[in-house]
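Please read this briefing alongside the sequence and the 3D view.

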Amino acid sequence: MQSDTSPVADADVPGEGSGSGRSREAAGEPPRRVLRNETLIVLALSLGASAVSALISFIGSVTKPGGLKHQAATMNASHAPGRPWLDLAWQLFGIATALVPVVLVAHLLLRERAGGLRAIGFDRRRPGFDLGRGAALAAVIGGSGLLLYLGARAAGFNLTVVAEALPDVWWKIPVLIASAVQNAVLEEVIVVGYLLRRLGQLGWTPVAAVAASSVLRGSYHLYQGIGGFFGNMVMGVVFALLYRRWGRVGPLVAAHALIDTVAFLGYALLAGHVGWLPTG
């Protein structure tokens, strides 16, 4: 990775252009076979499994009588209706366990002497850069994403996304914010920073690696419908290219967390009060 003050050119993305097996060993990198198996395991424990689950859900939706827009995909649902303390325990458990693959990735990057998550730019070295770029990116992606969702649903290509269905209790807003941050950390660390690094080490071309990352991102959003797939795939291309330029997932995590926080809290405040927001 280049210094913090300069962009990262394509050839300088961490983990790419690793060279011969002998130089890889000298750099502390495991053999390619180990990296390939490790990558498949990480994905199987995280967003790769989510992609399979979303595909099954999508097949169920398109084969169900009635159009997609008359069906709903609920996020942040209650796990124990009528029992708020038990519900809170389940919510916190779900958020914490969803981040375990991120801890695994940090361990794997430390094992190869890459500096843990610092190797992919998820650290506190440049908070101003991460938050500033992230806020600007969120403003662009968030607004266009909402318009794409509304258009796809109106055209019958998307389910109605119910962003939250939590009870009106004191912990609702903090849990929604924590859920947004969890989504951001998990997705950007695994699907951008880690996956692009590993695919580069495995000899994938930059174009192929960006395509794989973006298709995976779209795939685990298939439960929302075709619009969710293509919209998130485009977002994946943008995020992957910006990571290649900046060499940091920090701005991407900030942007994603802001987008999801606004979506979750906005739905909680506006659902049922404005006519343009579908509620299922």
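In this predicted model, helix H6 (residues 127-154) and helix H9 (residues 226-246) pack at an angle of about 160°, and because an angle over 145° counts as roughly antiparallel, H6 and H9 are roughly antiparallel to each other. The axes of H6 and H9 lie 10 Å apart, and H6 passes H9 in a right-handed crossing.

**The contact of H6 with H9**
- On the H6 side, the residues that meet H9 are Phe-129, Arg-133, Leu-137, Ile-141, Leu-148 and Ala-152.
- On the H9 side, the partners are Gly-227, Gly-231, Met-235, Val-238, Phe-239, Leu-242 and Trp-246.
- Sorted by class, the residues of this contact comprise 10 nonpolar, two polar and one charged.

**The contact of H9 with H10**
- H9 also packs with helix H10 (residues 250-270), at an angle of about 150° and with the two axes 9 Å apart.
- Here Met-235, Phe-239, Leu-242, Tyr-243 and Trp-246 of H9 meet Pro-251, Leu-252, Ala-255 and His-256 of H10.
- The contact of H9 with H10 has eight nonpolar residues and one polar residue, with no charged residues.

**Overall fold**
- The protein has 10 helices and two strands, which follow the pattern α-α-α-β-α-α-α-β-α-α-α-α when read along the sequence.
- Along its principal axes, the C-alpha trace spans about 60 × 40 × 30 Å.
- For 280 residues, a compact globule would have a radius of gyration near 19 Å, and the protein agrees with this, having 19 Å.

**Confidence**
- The average pLDDT of the protein is 91, and 90% of the residues score at least 70.
- Over residues 1-12, however, the pLDDT is below 50, although this stretch has 26 contacts in the model beyond near neighbours in sequence.
- Where pLDDT is low, the predicted coordinates should not be read in detail.

Technical notes. Residues numbered from 1 in each chain as written. Predicted model: local features only at pLDDT ≥ 70, side-chain atom pairs only at ≥ 80, totals over all residues. Heavy atoms only, no water. Axes fitted to C-alpha atoms, helices over the stretch in contact; angles between N-to-C directions. Helix = DSSP H or I, 4+ residues; strand = E, 2+ residues; numbered from the N terminus. Parallel < 35°, antiparallel > 145°, perpendicular 65-115°, else oblique. Left-handed = near helix turned anticlockwise from the far one by under 90°. Contact = heavy atoms within 4.5 Å. Nonpolar A, V, L, I, M, F, W, Y, C, P; charged D, E, K, R; others polar. pLDDT = per-residue confidence, 0-100. Rg over C-alpha atoms; globule rule 2.2 N^0.38 Å.
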